[in-house]
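Subject: Handing over a structure

Dear colleague,

I am passing on the structure below, together with some notes on what was found in it. Please keep it open beside this message as you read.

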Amino acid sequence: MASHQADGRPRLIRALKQQGIQVSHEQVRQSMLRQQLRSVHKPRFVRTTNSAHPKPIANNLLDRRFDGWPVNQAWVGDITYVRTDEGWLYLATVIDLASRKVVGWSMSDRLKTELVIQALKSAYGARKPARGLLMHTDRGSQYADQRYVALLEDFGMQQSMSRKGCCWDNAVAESFFKTLKVERIYQTRYQTRRQARLDIVNWIEGRYNNDRMHSANDYQSPNEFERVLNAA
């Protein structure tokens, strides 16, 4: 399966209907049982944000308004880690709330401010948003660093941060990392950081942005949903 057993019955039914095949939930359930298939479940999520720092904290301007945004009006960012035989690889991403598309990312073997700076530069370079965009993250030390804050100001972005200890304030970013880990990372052993980098980029661009049906997009991929929004 292209989804590596990550798609449950709702997505499978949608995919089959797009191919002109009408099936019920019970038919799909019975078929999965016969083939001994089941969707992969999400392991417990481990938080790594360090918010115990004296740096200034921005107000929560996003306030969990995750839906209904136009393209390039509100982005969310976050950091996660990937295990390799060489050691940890850290991944920072930027997601457009309009379509849930990953519009920028950066990876490094060091959990430093430069990681999130490069992810933001990647997103800005690819999208060139107008001034006034809302950029929301947790209150980790990397996002509170003056160099990151200065870059937001240069790009004309408004900074927003989650409340202390409230993961739901950045739920879209954290949900993406859960999806990435379930559908790809937890099914793969990376011998090198280079192998992990290539595989993760391939999954983001080849699978997630381009093909994966997203419930927030009426079960369309981020790229497909953006085409609909831009054509409206």
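A charge is said to sit over a ring if NZ of Lys or CZ of Arg is within 6 Å of the ring centre and within 35 degrees of the ring normal. In this model, which is predicted, the charged end of Lys 181 meets that description, for it sits over the ring of Tyr 81 at 4.0 Å from the ring's centre.

Aromatic pairs

Searching the whole structure gives seven aromatic pairs. In one of them, the rings of Tyr 124 and Phe 155 have centres 3.8 Å apart and planes at 5°, so this pair counts as stacked. Because Tyr 124 belongs to helix α3 (residues 113–127) and Phe 155 to helix α5 (residues 146–155), the pair ties together parts that are 31 residues apart in sequence. The two partners can also be described by their accessibility: Tyr 124, at 22% relative accessibility, is partly exposed, whereas Phe 155, at 13%, is buried. Another aromatic pair, formed by Tyr 143 and Tyr 148, is edge-to-face, with 5.3 Å from centre to centre and 75° between the planes, and both of these tyrosines are buried. Elsewhere, Phe 176, Phe 177, Trp 203 and Tyr 208 are linked by ring pairs into a cluster.

Strands and hairpins

Strand β2 (residues 87–96) has partners on record in both β1 and β3. With β1 (74–84), β2 runs antiparallel and is joined by 10 bridges; two residues lie between these strands, which form a hairpin, and Asp 78 stands opposite Thr 93 in β2. The hairpin of β2 and β3 has four residues between its strands, and in it Arg 100 takes a positive phi near 65°. How enclosed is strand β2 by the rest of the structure? Eight of its 10 residues are buried, so β2 is largely enclosed.

Positive phi in two loops

Two further residues deserve a look for their backbone angles. Arg 64, although it is not a glycine, has a positive phi of about 60°; this residue is placed in the loop between α2 (25–34) and β1, and with a relative accessibility of 38% Arg 64 counts as partly exposed. Lys 128, likewise not a glycine, has a positive phi of about 50° and is found in the loop between α3 and β4 (134–137). At 56% relative accessibility, Lys 128 counts as exposed.

Cysteines

Accordingly, the structure holds zero disulfides.

With best wishes

Conventions
Residues numbered from 1 in each chain as written. Predicted model: local features only at pLDDT ≥ 70, side-chain atom pairs only at ≥ 80, totals over all residues. Heavy atoms only, no water. Phe/Tyr/Trp six-rings, centres within 6.5 Å; stacked < 30°, edge-to-face > 60°. Buried < 20%, exposed > 50% of the residue type's maximum accessible area, 1.4 Å probe, protein only. Pairing = 2+ DSSP bridges. Disulfide = S-S within 2.5 Å.
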